[in-house]
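Reader: I am new to this structure and would like to understand the terms used for it. Could you take me through them one at a time?

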Amino acid sequence: MSGLEAFLLTVIAASTPLLLAALGELVVERAGVLNLGVEGMMATGAVIAFAVALATGSPLLGVLAGALAGAAVALPFVFLTQVLAANQVASGLALALFGLGLSGLIGEGFVGQPGVRLERLHIPGLSDIPFIGPVLFGHDVLVYLSFFMTAAVAWFLFRTRAGLILRAVGTNHTAAHALGHPVRLVRTLAILFGGVMAGLAGAYLSVSYTPQWVEDMTAGRGWIALALVVFATWRPLRVLAGAYLFGAVWILGLHAQAAGYGLPPQFLSALPYLATIAALVLISRNRTLTLTNTPAMIGQPFMPER
Amino acid sequence: MADKPAQTGADETTAAPLLEVRHITRRFGRTLANNDISLTLEAGEIHGLLGENGAGKSTLVKIIYGVLRPDDGEILLRGKPVRFSSPAEAREAGIGMVFQHFSLFEPLTVAENIALALSGAHDMEALKERIRAISEEYGLPLDPDALVADLSVGERQRVEIVRCLLANPDIIILDEPTSVLTPQEARNLFETLYKLVREGRGILYITHRLEEVRELCRRATILRHGEVVAEIAPAAHSARDIARLMVGTEVHHVSAPPPAETGVPALHVRDLTLPAPGPFGVALYEVSLDVRAGEVVAIAGVAGNGQRELFAALSGERPAQNPGAVFIMGHDVSLKGINERRALGAAFVPEERLGHACVGSMTLVENLLLTRHAVDSDFVRHHFIDYDVAQKVTSRVIAEYDVRNAEPGRRAAALSGGNLQKFIMGRELDRRPQVLVVNQPTWGVDAGAAALIRQELIDLAREGAGVLVISQDLDEIFEVADRIAVISRGELSEAKPADSVSREELGLLMAGAHERRNGSGAQKRQKG
């Protein structure tokens, strides 16, 4: 295995959970909802995926369960923000803390247990080609899913009627309601989709990236995903670029640390954040384009008059 | 008017009317927004629905369109009772609506906006074709691929109308459609409406503009305080009579004595050029203007042509970029902030009452202090606010400017729009400023209060102040102004004496006839 090959494989592994979670949050925010609870949904998804994979011996069932758990833990957030029209920032923070705590509680018995790893795809012939095989054809299903979902979210948002309605709801909920679109239903579905994607991201961590359970194993990735969405100006392809840039600089930093160039480790840990912010700010300089892509209703509760 | 159709309607007693509203009642908390309202709309008729702000017009049409549910009463379409639980059901039954506050989505294209209002397959290419066909048929030119954010107000209204027509409705509800149009644009709209009723559709036309009702409608229903006060044939009544029915009392007649002969320039603007504040803002280009002591100068224009930006530059919210552009009472204030300008005797009333002119969650006393603390030393004693004085002044403003339902300790947001506007005007007029700049002085204010505010503006000028009024309402402008200028895409025309300009001339200027940068006014609004 060459150095470049190993580097690319680790970058893909580091970027996939960010991409999955950020794509989910992108859809949520496009519908005009700010869900700060990504970290909590991710952690819940991770522990449930780990537990189900261990209990059933099937990592795929684990992934499925993790996705559902991410959505399930978002239900109180749906109730608070869509039924009671509560403050979304407070509700989202509560979800983040609740999900982390819940995952720690459920996972207490699993600490230190060896997990079940999601098997990598093996396509006879293709996967055996040197370099190209492992880099392009040797991943598990979640990596391919993350790319597929990038295209699917872009297609959904900009090519389908449902996507148009979702964007309309996020742009002007009063007008969308006046036209007869179900604002709160659209938002509820978007939040649940965000939960599924965060749950998948968590599942990737606990059944693929490092098949084990450690408390706080999400390690702030949910917050990074949130930031990626904003800096990517709510566009799916930019989220993909941002996630991979972040992953690449992160891995480079680890390599630099190992090689011992004498750079302070704190600086190297900060580097991916700085690089991603700098790059995404640079590509977001066109203010008109940014403004037309910013969901104007973000964070604002909606209550129809009846 | 080439082909105004003979409107049919009430003569066809045999057929059930297109739309019949019976005894509709709707409460919001303790207020009766609609109390036992009945009206009929016949096929081929433009029916006027008249009333002041808060008379219940919007509530009624929201009920007809399925946005709100009535507490009581029923709606019949061609004699059959219907109940809509959503606007989608109303649209399916053949009711279309063009909203007053545009319900458009700025970051989306024209075609996307229209697709949102239609049900059925999502085929954008086919939809674009239909949009082109309809807009050609009814004389409403539109580019389906344009972003709504880039469209002028008149074009946005076309989007709304085309969107409504694509569903082929039998009944069309128009809510204050001409309030944002130039006179020429309004004329074109009327032609479209006549064509629509000739096709046998019925139009419910909501407005507070009496002359329009007299021209367009054979019948009109007048609402006041949520009740029907009369159904009239508007052409048979004078505008003054109709106004009296709407308001319930005689409306104050604004009188403007001729201005004093000479005056020094109280406000002087010379070649003010400012780039647009943001992607959806308007740049100002070489704006020059004089407002002399003793006169009222008005700036007409369609919304979104730089009024907001000009106001901000005059008030100092966004100072000019170089000295020598804005002078107040002979002092160069181009780079100075709002309080320094106030200290020279100027006062400013911005367009939005809540959020700009005052803070809704603060009391009236606090709101009074917000604009006056820095320029009236009475309010500050030993570096602390003297609330006794502030309270007294607030009470004086409330009493003198007839602000109803108000106490100094009440939150500003608790006042109705008209009363709050009277308070905000009163707060500034109470200082007897030497320069007053006001943007949309009577927007959303009922006719009675509007007349009083306009009279105050004239009286202040005649006492020797220079008054600048920015307004979209031509009736208001002709009522108060001694000289009139027009703003279009950030360029200001030369101010001309009010008695020497016609509405048609103003309409041409509003469409950009005076612009130097863009050539003819036929071009599109400059993009941010």
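Author: Let us begin with strand β8 (residues 202–207) of chain B, where six of its six residues are buried, so that the strand is mostly covered (buried means that 20 or more other C-beta atoms, placed from the backbone, lie within 10 Å of the residue's own; 12 or fewer is exposed, and in between is partly exposed). This is a predicted model, in which local features need pLDDT of at least 70 and side-chain atom pairs count only at pLDDT 80 or more, while totals for chains, interfaces and linings use all residues. Residues are numbered from 1 along each chain as its sequence is written, and chains are lettered from A and ligands numbered from 1 in the order in which they are written.

Reader: What makes both faces of β8(B) count as covered?

Author: In a regular strand the side chains alternate between the two faces of the sheet. On one side of β8(B) are G202(B), L204(B) and I206(B), on the other I203(B), Y205(B) and T207(B), and all of them are buried.

Reader: Why are β3(B) and β8(B) called paired?

Author: Two strands pair if DSSP finds at least two bridges between them, and strand β3 (residues 46–50) of chain B has five with β8(B), in the parallel sense, so the term applies. Within this pairing, L49(B) has I206(B) as its bridge partner.

Reader: What makes the 242 residues a nonpolar core?

Author: The term means a set of buried Ala, Val, Leu, Ile, Met, Phe, Trp, Tyr and Cys residues joined through C-beta atoms within 7 Å. The largest such core has 242 residues, and those with the most contacts inside it are A22(A), L228(A) and I173(B). Its largest share, 16 residues, comes from helix α10 (residues 183–209) of chain A.

Notes:
Helix = DSSP H or I, 4+ residues; strand = E, 2+ residues; numbered from the N terminus.
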